[in-house]
Amino acid sequence: MAKKIGEDTGAKGEARSFETQVGAGGELHQVAGKRDDVLTTQQGVAVADDQNTLRLGDRGPALLEDFHFREKIFHFDHERIPERVVHARGFGVHGTFKLTESLEDYTVARVLTEVGEETPMFVRFSTVVGNKGSFDLARDVRGFAAKFYTKEGNWDLVANNIPVFFIQDPIKFPDLVHAAKQEPDRGFPQAQTAHDNFWDYISLTPESMHMIMWVMSDRAIPRSFRFMEGFGVHSFRLINAAGKSTFVKFHFKPKQGMQSVLWNEALKINGADPDFHRRDLWDAIDLGNPPEWDLGVQLFDDDFADAFEFDILDPTKIIPEEQLPVRRIGTFVLDARVDNFFAETEQVAFCTQNVVPGIGFSNDPLLQGRNFSYLDTQLKRLGSPNFTHIPINQPRGCPVQNFQQDGHMAMRNPKGRVNYEPNSWGGPRESPTAGYRHFAEENTGRKAQLRSPSFADHYSQARQFFISQLPIEQKHIGDALVFELSKCERIDIREKIVGHLRNIDESLAVAVAGGLGLPGMPAPASAAVPTRDDLPPSPALSIIARGPMSFAGRKLGILVSDGAPAKLVKALTDAVKSLGAVYEIVAPHIAGATLDDGTIAEAKQKIDGGSSVLYDAVALVLSAAGAAQLAADKTAKDFVSDAYAHCKFIGYTVDALPLIERAGIATEDMDEGFLTLGSGASVKTFLKACGQLRLWDREYKVDLDAAGFLEAQRA
């Protein structure tokens, strides 16, 4: 079907009409109006379809015959040197995985069948859009790539902290990243998507709307790497000894629960400590509190896949945990820092194609494209096909034996006279029993560039994600959309996004339109498939609803002054340590404060550098003279007012009240999130309350946009 939808602007500013055709999968094809506008390959060959790779049948595997896709990905993979094109800003740590439940019925992979087996790991956390020198608290997807050094070779599970992706076909990955990165003429904005190019692309790519709900949610501004979930995104295969295949989706579940920050808080953290996530993980390991995750799997067969309401090969869809519970089969602990950041974190190379016998691939088109792209990327980034010779990339649990030789930076070569196979001299040989066997899947279909109609529903799961959030989380999504779109100069882009939102949730669309001050509600975007309203909420998709209700692993900021009660400071610090949490003393001077018994409370932070945004809760342990002194200090007042605005719990001594008042918080505004500190019992009460992490009801009182959002929800 074809539909004329408007005009774009050429490089010289002239208006050009164009026509848009909607494909079978709901993707949009912008069709050239004249020869001068035709998209071509580097060889000048006109491109017929720039939305879909060539594959065998609607849902079959991708074909390497597709020279346009290969050229496009090849060029994209080699655009940057030396940092990664995406996931450039990363932080890596070592750890160990231990299997607790065997999947022997489903796979021959020893890493998933030998209970009690400990497998060394390396995990690299990262942001996606920002360059290597950007800041940690960008609103962005987080990479969560894990390399398992198994006895059968390296297994790379290249995960994210969000279980879906923006696109359905890998041919669109260069376009997505180009649109999200800094605009090419000006080189900014950096590490953010709040600009016209990104939202223009999204407005023309309705398959992205489910991912947009996730990225505009609190998931995209995590409090810590330690408090994130991880997802393998795609449907993979497990293959057992009989050659039977079972589909699998991989999950990482954090032992200490999930937690995110507020957007205003993220902005201030980036100013106070752009290495916030890196430092947090470094300190947790240094203090003997390493993070842990459960490895979980969703296992399902072809019958489930056929009956499921969406295509399990579509990377923009999830299988809700309520429909298919996550089975936890092991735990990994990240407890060892790298010896050298460049040698390990920067040079580690992850490839989705790196699997071991018993783990295979589905025909997810994005996964198939990643299998090609990731290996190709290493040649440009690490300079040689011998990147596997770098220690961080070398297998550890098994020998490496083959006849591959020479090349730039070769660290090992075959020994002796023979360097080919078969041969009459000796050396490694293939093993039909131990070797990797691909799943013998039958595929039929015509060779064509197309997308399956089963990929065409772009809004139903986006709606399901939104209605699964608590009201305060829904407000945060609305706030994020308003913020991002307010940075777009073109009003038509804002309107098109609101049109998409109307297909997801009308109250969200109304709130965003109101926040942007649009003169009216745009028409809903044309949908290839109508939005389903029968999908139930999935509580597993909410962060706050599944809060840990514990302060363990969190950090308390204790603001002290000269003359503060020493017994209370000791009671607080002892209680925090007993919870498995940490604290930092913040004082007017970095030398610390002299307490009422003459002892020195050594400061970790001077008040100017110890903003409350760095902590999960704060305590104001002040003397009357100290409070009077700090009440005149702007940064001290910000310490209190920011903690209040960010819905944190605030413990205080009675003598601290003048500082609270001077910070702009009236007595009548001191809600249940303020707790008086005096006796040991009050300390326990305060820290128990801190286990809630935030007092979210307060946000409706301190945020200008809250009333409008609540009104839209009621409407």
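How do the residues lining the largest cavity divide into nonpolar, polar and charged? They split into 26 nonpolar, nine polar and eight charged. Here Ala, Val, Leu, Ile, Met, Phe, Trp, Tyr, Cys and Pro count as nonpolar, Asp, Glu, Lys and Arg as charged, and the others, Gly among them, as polar.

Before selecting anything, note that this is a predicted model, where local features need pLDDT of at least 70, side-chain atom pairs count only at pLDDT 80 or more, and totals for chains, interfaces and linings use all residues. Residues are numbered from 1 along each chain as its sequence is written, and side-chain values use heavy atoms, with hydrogens and water left out.

**Whole protein**

Along its principal axes the trace spans about 85 × 70 × 50 Å. Colour by secondary structure: the protein has 20 helices and 23 strands. The radius of gyration is 27 Å, close to the 27 Å that the globule rule gives for 715 residues, so the protein is as compact as a globular protein of that length. That radius is taken over C-alpha atoms, and the rule is 2.2 Å times the number of residues to the power 0.38. Helices (H or I, at least four residues) and strands (E, at least two) are DSSP runs, numbered from the N terminus.

Switch to a surface. Of the 715 residues, 56% count as buried. Buried means under 20% relative accessible area, exposed over 50%, partly exposed in between (1.4 Å probe, protein chains only).

**Largest cavity**

Now select H9 (365-382). H9 gives the most to this lining, with eight residues. Other elements supplying at least two residues each include helix H1 (67-77) and strand E6 (118-127).

A cavity is a set of points, on a 1 Å grid over the protein atoms alone, where a 1.4 Å probe fits but cannot get out; a pocket is an open set with protein on both sides within 12 Å along at least five of seven lines; lining residues have an atom within 4 Å of a point. Grid points are joined across faces, edges and corners, and a volume is the space filled by probe spheres set on the points.

**Second largest cavity**

Go to Pro163, Phe231, His251, Gln298 and Ile318. The second largest cavity holds about 160 Å³, and these are the closest to its centre among 18 lining residues. Strand E11 (residues 245-254) gives the largest share, three residues. The lining has 10 nonpolar, four polar and four charged residues.

**Second largest pocket**

Select Pro399, Val400, Gln401, Asn402 and Gln404. They lie nearest the centre of the second largest pocket, which 44 residues line. Its volume is about 1700 Å³. The lining divides into 18 nonpolar, 18 polar and eight charged residues.

**Backbone stops**

Asp406 is in the loop between H9 and E15. Its phi is positive, about 60°, although Asp406 is not a glycine. Asp406 is partly exposed, at 37% relative accessibility.

Stay in that loop for Pro422. The bond from Glu421 to Pro422 is cis, with omega near 5°.

Jump to Phe188 and Pro189. A cis peptide bond joins them, with omega about 5°. Pro189 lies between helix H2 (173-180) and helix H3 (196-203).

Finish at Met549, in the loop between helix H13 (506-516) and strand E16 (555-560). Phi of Met549 is positive, near 55°. Is Met549 buried or exposed? Met549 is exposed, with a relative accessible area of 60%.
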